[in-house]
Amino acid sequence: MTDAPRTPLLRVHGLKCSYGQAEVLHGVDIDVFPGEIVSLIGANGAGKSTTLMCISRINRASGRIQFDGTDISSMAPEHVVRRGLVQVPEGRRIFPRLTVRENLEMGAFIRNDTDGIEADVERVCGMFPILKQRFAQQGGTLSGGEQQMLAIGRALMSRPRMLMMDEPSMGIAPILVAQIFDTVKNVLRAQGMTILLVEQNANAALRMSDRAYVLETGNVVLTGTGEELLRDERVRAAYLGH
Amino acid sequence: MVRAVAAVEMLATCALSRADSVAAFAHDGALSSWEVFGQQLVTGLSNGMIIALIAIGYTMVYGIIELINFAHGDLCMLGAFFALTVVGALGVDQWGGAGGTAGLVMVLVGTAAFCGSLNWSINWLAYRPLRKASKLSLLVSAIGASFILVNLGLFWGGLPMDVFAGGTSSAAPKAFPALVSSDPAAQIGDVIYSRTDFLVLCVTLPLMVALTYLVRYTKLGKAMRAVAQNPTAAALMGIDVERVIGATFFIGGALGGFATVVYSLYNQTVSFQMGYRMGMDAFIAAVLGGIGNLPGAVLGGLLIGLIRSMSDGYIEARWTNTVVFGILILILVFRPSGLLGAKLREKV
């Protein structure tokens with residue numbers, strides 16, 4: 001990821017967000033270039049999830065959000081998805097009483113190409129074979145890790161150009177975390193998917209990221225390549241535990 | 001309070017008139033005990049199907065925005081006034097034969113469209129601005145909407161039309177013309193299954209099948225379930241949540257519109273207070289079946305219809321409301337999730 005100056009696929013500039021009287025984001029700037037994996041790390045309550053919810057237009061925010069050159073900062077959430085920017089939310093938020101198949105179909109809500117949707121259902125099941133076995137089961141009966149795979153698969157069903165993932169490792173058995181990260185690193189990256197990843201597991205996140213931002217109480221305090229941040233003393237002390 | 005008193009009075013008069021008829025019916029000596037039972041069964045099932053259709057409107061709206069839409073019964077009442085106005089203005093009751101059937105279909109579809117659009121508008125004006133407010137504010141708004149509809153009904157009944165007796169007494173109950181003859185469609189012994197009973201079945205059953213298909217298999221139906229289960233996730237999937245909620249109100253209202261026409265034909269009278277009665281029966285049915293659960297609303301509707309007619313026939317009609325409300329209290333105490341309701345909302 002060197003090359004000449006490129007234009008970012010996602011550009012967030014001066015993003016501010018408040019819950020009631022309390023401002024929780026104080027002007028966050030983030031750029032994500034096409035094909036990059038960028039992670040956003042920080043402690044609990046730093047504003048990572050809020051940032052993603054602002055970009056997805058679920059939370060109200062001020063500041064500029066540009067996706068692929070278009071200002072999306074006043075768009076309705078469904079139009080953001082239609083432009084190709086989709087989120088895998090924190091806690092998975094799969095539809096518990098829809099079947100695995102119906103969950104995937106809902107991911108493709110913005111599409112009407114029946115054949116293409118069917119092909120993508122197969123593609124997602126190829127990526128996460130366990131979903132095929134659970135196809136007719138209700139989403140709520142899946143284990144945490146399986147639900148996370150379903151949530152990622154569901155997001156991919158919209159054929160996004162960029163994926164925002166919020167804490168995909170949270171509350172999941174380590175072996176499934178490894179499998180999920182492996183899919184992100186090897187499968188999605190190989191497909192050229194652009195990813196903004198929010199993680200508390202800073203070590204794993206930085207290892208797979210091209211670049212990263214460190215968020216502290218609503219401000220970006222540090223940015224650099226994954227390698228640089230892994231070596232950074234402050235990051236090591238605060239987030240890597242050594 | 002005025003409204004509550006009026007409602008009680010209405011229920012009392014209603015119960016009395018029915019008590020007379022049932023007493024006469026049960027004691028004229030001509031009917032054997034199984035015939036009494038059979039007739040109450042027919043009446044109970046027909047009324048139950050109508051109640052079920054209205055209960056679906058409660059349960060759908062509750063499922064998607066967790067609101068007990070207290071305006072729903074009154075919406076149906078306005079639908080009955082709309083239907084009566086159309087019948088009166090076009091003279092549908094004089095058409096007869098094939099024209100009469102076409103007229104009946106037109107009144108049914110027209111009233112459904114009217115109630116659907118009105119319900120959609122009520123959501124837009126009274127509920128949508130409160131999406132982020134507390135559920136209590138929403139409930140109060142629904143009660144407000146109910147008051148407005150009742151008063152609109154009172155005003156409507158005063159319009160100078162022949163079907164409203166020239167508008168001389170806006171509050172008086174209006175006769176709804178018999179668009180379907182009450183001749184027997186089938187008869188076993190002295191148990192009569194009338195053409196009106198048959199009409200109830202012909203209208204309600206296909207609608208329930210169609211709704212089940214819609215909710216289970218269509219894209220809109222799946223989106224409705226998705227929004228009900230997790231609106232934020234639905235928005236993140238590109239679903240226009242407000243549009244889906246609007247569609248839910250339209251469909252629930254339209255079903256109420258169909259139901260109210262059949263109800264008016266079945267009971268042959270229309271009053272600005274009828275929404276309270278229809279709404280309460282249907283609300284209790286929805287709670288009995290498990291609010292938010294569609295098959296539950298149908299089951300609850302049938303049960304309430306049967307309980308009402310059996311209580312009318314075997315206890316005494318004036319006790320029927322006591323029985324029905326007693327059941328409501330028992331469910332709320334011992335099985336608040338209803339007969340088919342989910343145990344608890346899964347939190348993932």
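Visitor: What does the predictor say about the complex, in ipTM and pTM?

Guide: The complex gets an ipTM of 0.94 and a pTM of 0.90.

Visitor: And what's the mean pLDDT of chain B?

Guide: The mean for chain B is 89, with 89% of its residues at 70 or more. Residues 7-24 of chain B are below 50, though, and that stretch has 18 contacts in the model beyond near neighbours in sequence. Residues 344-348 of chain B also stay under 50, with eight contacts beyond four places in sequence. Where pLDDT is low, the predicted coordinates should not be read in detail.

Visitor: Noted. How much of chain B is buried?

Guide: Of its 348 residues, 47% are buried. Among contacts in chain B with a separation of 6 or more, 74% are between residues 24 or more positions apart.

Visitor: Which residues have the most contacts inside the largest nonpolar core?

Guide: Val227(B), Phe258(B) and Val262(B), in a core of 169 residues. Helix α9 (residues 241-267) of chain B gives the largest share of this core, 16 residues.

Visitor: What does Val262(B) touch?

Guide: Leaving out residues up to four places away in sequence, Val262(B) touches Ile50(B), Leu199(B), Val200(B), Val203(B) and Thr204(B).

Visitor: Which of the α5(B) residues are buried?

Guide: Ser141(B), Ala142(B), Ala145(B), Ser146(B), Leu149(B), Val150(B), Gly153(B) and Trp156(B). An α-helix has 3.6 residues a turn, so residues three or four places apart point the same way.

Visitor: What do they pack against?

Guide: The buried residues of α5(B) pack against α3 (72-90), α4 (97-127) and α10 (274-289) of chain B.

Visitor: OK, the contact between the chains. How many residues does each one put in?

Guide: Chain A puts in 26 residues and chain B 16 residues. On the chain A side, α2 (77-82), α3 (100-107) and α6 (144-156) each supply at least two residues. That side of chain A divides into 11 nonpolar, seven polar and eight charged residues.

Visitor: Over to the sheets in chain A. What order do the strands of the open sheet have?

Guide: The order is β2-β1-β4-β5 in chain A, four strands with antiparallel pairing. β2 (22-32) and β5 (70-71) of chain A each have a single partner strand, so one side of each is left without a neighbour in the sheet.

Visitor: How many bridges join β1 to β2 there?

Guide: Eight, between β1(A), residues 10-19, and β2(A). Leu10(A) stands opposite Val32(A) in β2(A).

Visitor: And what about the hairpin of β9(A) and β10(A)?

Guide: β9 (residues 211-216) and β10 (residues 219-225) of chain A run antiparallel and are joined by six bridges. Val214(A) has Leu222(A) as its bridge partner in β10(A). Two residues lie between the strands, and Thr217(A) takes a positive phi near 35°.

Visitor: Last one: is Ile175(A) buried or exposed?

Guide: Ile175(A) is exposed, because it has 9 other C-beta atoms within 10 Å and 12 or fewer counts as exposed. Ile175(A) lies in helix α7 (residues 174-190) of chain A. Its C-alpha is 9.1 Å from that of Gly145(A), which is 30 residues apart along the chain.

Notes:
Residues numbered from 1 in each chain as written. Chains lettered and ligands numbered in written order. Predicted model: local features only at pLDDT ≥ 70, side-chain atom pairs only at ≥ 80, totals over all residues. Contact = placed C-beta atoms within 7 Å. Nonpolar A, V, L, I, M, F, W, Y, C, P; charged D, E, K, R; others polar. Pairing = 2+ DSSP bridges. pLDDT = per-residue confidence, 0-100. Buried ≥ 20, exposed ≤ 12 C-beta atoms within 10 Å, placed from the backbone. Core = buried A, V, L, I, M, F, W, Y, C linked by C-beta atoms within 7 Å.
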